[in-house]
Number of protein chains: 6
Amino acid sequence: MRIVVTNCNTTQEMTEEIVRGARAAAGPGTTVLGLTPGWGPESAEGWLDSYLSAAAVMDALRTYEGPAYDAVVMAGFGEHGREGVRELVDVPVVDITEAAAHLACLLGRRYGVVTTLERSCGQIEDSLELAGVARNCAAVIGTGLGVLELEDAERTEAAFLTAAERARDAGAEVLVLGCAGMTGLQQAVSEKLGVPVVDGVGAAVKLAESLVGLGLRTSRVAGYATPLPKRRGWGRSGGGAQAD
Amino acid sequence: MRIVVTNCNTTQEMTEEIVRGARAAAGPGTTVLGLTPGWGPESAEGWLDSYLSAAAVMDALRTYEGPAYDAVVMAGFGEHGREGVRELVDVPVVDITEAAAHLACLLGRRYGVVTTLERSCGQIEDSLELAGVARNCAAVIGTGLGVLELEDAERTEAAFLTAAERARDAGAEVLVLGCAGMTGLQQAVSEKLGVPVVDGVGAAVKLAESLVGLGLRTSRVAGYATPLPKRRGWGRSGGGAQAD
Amino acid sequence: MRIVVTNCNTTQEMTEEIVRGARAAAGPGTTVLGLTPGWGPESAEGWLDSYLSAAAVMDALRTYEGPAYDAVVMAGFGEHGREGVRELVDVPVVDITEAAAHLACLLGRRYGVVTTLERSCGQIEDSLELAGVARNCAAVIGTGLGVLELEDAERTEAAFLTAAERARDAGAEVLVLGCAGMTGLQQAVSEKLGVPVVDGVGAAVKLAESLVGLGLRTSRVAGYATPLPKRRGWGRSGGGAQAD
Amino acid sequence: MRIVVTNCNTTQEMTEEIVRGARAAAGPGTTVLGLTPGWGPESAEGWLDSYLSAAAVMDALRTYEGPAYDAVVMAGFGEHGREGVRELVDVPVVDITEAAAHLACLLGRRYGVVTTLERSCGQIEDSLELAGVARNCAAVIGTGLGVLELEDAERTEAAFLTAAERARDAGAEVLVLGCAGMTGLQQAVSEKLGVPVVDGVGAAVKLAESLVGLGLRTSRVAGYATPLPKRRGWGRSGGGAQAD
Amino acid sequence: MRIVVTNCNTTQEMTEEIVRGARAAAGPGTTVLGLTPGWGPESAEGWLDSYLSAAAVMDALRTYEGPAYDAVVMAGFGEHGREGVRELVDVPVVDITEAAAHLACLLGRRYGVVTTLERSCGQIEDSLELAGVARNCAAVIGTGLGVLELEDAERTEAAFLTAAERARDAGAEVLVLGCAGMTGLQQAVSEKLGVPVVDGVGAAVKLAESLVGLGLRTSRVAGYATPLPKRRGWGRSGGGAQAD
Amino acid sequence: MRIVVTNCNTTQEMTEEIVRGARAAAGPGTTVLGLTPGWGPESAEGWLDSYLSAAAVMDALRTYEGPAYDAVVMAGFGEHGREGVRELVDVPVVDITEAAAHLACLLGRRYGVVTTLERSCGQIEDSLELAGVARNCAAVIGTGLGVLELEDAERTEAAFLTAAERARDAGAEVLVLGCAGMTGLQQAVSEKLGVPVVDGVGAAVKLAESLVGLGLRTSRVAGYATPLPKRRGWGRSGGGAQAD
């Protein structure tokens, strides 16, 4: 089966890293294909970026011309758009935020999320709430690191471990990597913390494989019905990348 | 004071209608200025439209070059984007969904929303939940009418009255017009139903005036901090209106 | 329009202070009229005082013989009675507790309340819950100061700032003055804390003006129907003020 | 032990009926003493009556000059005041609303309340919520009968049975008599409905006996601390009964 | 009346201690009879023990051949089984977890539980949630002591007092002994802490007496219907006690 | 990998049917092994059966002597025991109740469960609540069929379709087969209803494969720590099957 993994930002290097994480998790018969939006923010940090990203990711899928695919994984932790993509495509759609939470719920009574900037915590809480999996979330904690600062693996790990302690104090028995850019970190921090650590990208790939394997598709009743045909403009003329 | 009222779609006639409603509610010293996004959906009906609309409205405000304004009213009932706009602009931002609910809570123990298509009910419920005002919402009911079908005032009123009965049965003591395009209907249906009916556009204008009058602005701490400077692309090149 | 602002206690000086705060917030066409109950507690601190106050305020309005008014603002933070007054009078009724919360929700993702004695925190939490606006309340914190101790502005400000830190730690991005007697403090503490601070008296005046401006009145369906005609006694014979 | 049972209204006949119900439930060593407020509403139906009743009941207890007592039972279903009385007296206080719910929770997974007028349902829901026992309440249903119309036992029973069906449909496995004036009805309707029916007056007497028997008293920490000494007026001069 | 008090484990000494506590609480006409399961864990600490205990206690009651009884008190704090026993027997069933919470709710606005091992806190939270009395629970705190370590009364008291401080900081105004093995401790710690302390065993005895006194029985509708006749095996052949 | 699927009852035919369902869902490298408890109920219908089943399933796994396995799937819809098994074994444990809900949440905004007897609905609701996935559950509906009556596939399908309509009316956009014995029905009813239908057995197999594939194991911190070594008896001597 083929899974399209959408990055939520325009940074190609991050797409590649996410694809590496997705491939590491994928089963033998699964092909992973990364999709970087042609526009949007270079990193999603905050609500404005998140809504911009949602539109850009929908546009990327809407105009996608590659080989047919069986599922979409949306790799923006806490970012918007999953319901829109569910309307848009005919295959199952799994967002890494909800995916990580679904698996975390199976591994302990309470889980916690460690993410990047403090400003993202609220978005993540809202995303978990609406996905229906917030009840057993003990805490969402920021490390203070920006998305594009995660490259320094050592610093990221140290910041993660510090934030993880606060999540543990709040009752978390399982931790979740709260950014697609943290993919790959799970094993090292899990060993150091002595608790399972769930990577949303891997989790979403497995859930997408599960849905496809079971022949399940998004319900078209009410909530996620196909978008109505109408005139829609996807961005301003000459809306290419520009520095704010 | 000057209030910018943003339509959530590209239909200029609807902007004008909304502006009429807003002006009817505005105080003597308030100037209302309508803003129609340059791209996005011609009507917002469903999640895909809503996220596209959120990006388009943010873009319209980001590139706005008119006279300075004191507040923004976002006139898309149940549509996304308010948190992003709060990050973007320095003045108070009031979304008509939350505005209607805030005032409705003051008028009865439980309120209900009557909206357009059934598919929009879920979005509205989510929007109320995250705004913190869902507790006293008894029901969100669809009329089955699309946004652009509301022009036929007689049919709209009849459909509203029918749906309102269901909201009443669910415990609603106050009703809310669940679409910006219903603005103006409130008096007629209120008299027929014998309960107060709140129009979100008017409610938002009054709340915006209230915040400005009190000198209150959006908190920049955590949640709605100013967007970080970075590269962002606002839509595809040549992304003007096109039929899906 | 004319707004009657009811003090929740019998202390005339506090009524005057509240009226000053209300007038500072009121629009140009609004007349504010203070109403001090003829009986009840000299300050409302705790449940017994609050229920006594509720009856006394209802009695003051029931027997009011002044000029006609367009709305009632109830200026007892966390005090009981708003539903009873909604039954009693034909004009909109806004309680400062809920009013502050409604506006605070528009200014940040989570708000906090800083009040007087710790014993009042529970009442305030209950009041916010039933008003339907508790979801986004991060904390209600006491300063340890009694209502009649607020006169010393310097001490009050210092105590407020200390308590505000605890609310901030709990996630509050916006603060609310949790006592009508704190009216006037908002600007100074807002500047020092760097977050918006909402005064309930001002908020309630603006919300009352909004409802009146929109022609909205309390629903008479179910919850707040007019009181049934029956025999009622309003206090003991010779029940004038006495020291407990 | 001696238990004072306070009626929430001034109707002496109802006090007597309540006392009969309380005595039927009381253990052999328990003396029940009825207390009718000297002022307040002749029946409590709605918020205005309820707040007036709360003050009147507190006043009755404050000025009570009879023999010492070991507990207070407050016999107003859904009426306000219990927290104030907890501050006022040094003995345990049990409100019949919460009492019925506490026992009902032990008898089935979900319970329902059948009360008098529809307008009282909201107050009862709020009372259960704040008492901490609303979670397992499936429904609160009105019979349409006023408090003083309950004397016609046959009509009351018939109305109860009809309303009970609606509670059953909503999932109630246990029913609660939602008015002190219904005391005595429980056995007949329980047999006809085939489910346990809890009378709040009896339940409260047993819970009061339980607390006294275990030597437990209201916590004075925070919430229900003793009222502060201050000047308080308990009603208007010459505030005796008068027809509204 | 006769009440059967079931220990949740096979330790006879603990049954005796529990019976002592139950008898101290019981009214003059009440006979208390202890029942120790013939199999199960020697102490219940964790989920595995709890489910094993639930089956063993049901088996003990199913095969009980003593004198007829009027109610069952289940003396395992936070342990499973109460709904199964409600199906099994025809008399009222009260679990000490819910019983303590019900009475604690009457004594303060928020209560806290102090229990044995940290690992039990989650079970207790779940038990309170499903019993419908978790809303006003401020915290469940562990002392770090195992069930069979409680014999050292001095150490237990010290550990209780330390943990109680944390519950108080979280808002608890009333405390609950979170283990049947703590029975008897309530008076000493209550005096030292200055707050009421509820023992679940005593609370459950009083609630059982209350239900019996009022002639109330478990509802047989839906939730707790009599078990269907079918083949059931109650444990492995030769499943007597063995060390794991 | 090898997955042990535990039946919750002693009916061998049902184990075989469940194993067929599990194998149909399993990936190519997965071996499914059915485990029937040596004691317990012949079908689990109600709380007593459920607790008995929990102990019997734990015993079956505790004394299991077959080949090593990588995960456990617990195939009792709404039955107890998952937390105990998580303590007991070192591999991931997935209960079909939670599994179906986790996947259903990914396919629509609200899901509904259709189960066997009405008496099981409450247990299922509780199970979903504690698993942290109840928020988006619109309804749990019974068909009135007992577990052992499901063999008549035609009748079962008809009953499912009827009950599904009620779930749909309550807002469900996705349905869940609420009994392991319904495995295999999903495709037929999905086509007839036009919505996705999730089978818990298949869902749990895929989730177990996912966890194993990602190298994730149950957290041993707090909640699901290894059972303490102690004396435990697993059932009465000679406790073999007997008719009640």
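Predicted model: local features only at pLDDT ≥ 70, side-chain atom pairs only at ≥ 80, totals over all residues.
1. Let's start with the head count. On the chain F side, 52 residues are in contact with chain E, and chain E brings 52 residues of its own. Together the two chains bury about 4800 Å², with 53% of that on carbon and sulfur atoms.

2. Now for the charges. Eight salt bridges turn up across the interface of chain F and chain E. One to find on your screen is Glu45(F) with Lys230(E), where the closest N and O atoms are 2.7 Å apart. A pair counts as a salt bridge within 4 Å, so this one passes.

3. Polar contacts are worth a look too: there are 24 residue pairs of this kind between chain F and chain E. As for which parts of chain F touch chain E, several elements each supply at least two residues, among them helix H3 (82-88), helix H5 (121-131) and strand S11 (241-243). The largest share comes from H2(F), with ten residues.

4. What is that side of chain F made of, by class? It has 21 nonpolar, 16 polar and 15 charged residues.

5. Finally, trace the strands across the boundary. Strand S3 (residues 40-41) of chain E pairs with S10(F) in the antiparallel sense, over two bridges. In S10(F), Arg232(F) is the bridge partner of Pro41(E).

Definitions and conventions:
Residues numbered from 1 in each chain as written. Chains lettered and ligands numbered in written order. Heavy atoms only, no water. Contact = heavy atoms within 4.5 Å. Buried area = accessible area lost by both parts, 1.4 Å probe. Salt bridge = Lys/Arg side-chain N within 4 Å of Asp/Glu carboxyl O. Polar contact = N/O pair within 3.5 Å; in protein donor to acceptor, adjacent residues only side chain to side chain. Helix = DSSP H or I, 4+ residues; strand = E, 2+ residues; numbered from the N terminus. Nonpolar A, V, L, I, M, F, W, Y, C, P; charged D, E, K, R; others polar. Pairing = 2+ DSSP bridges.
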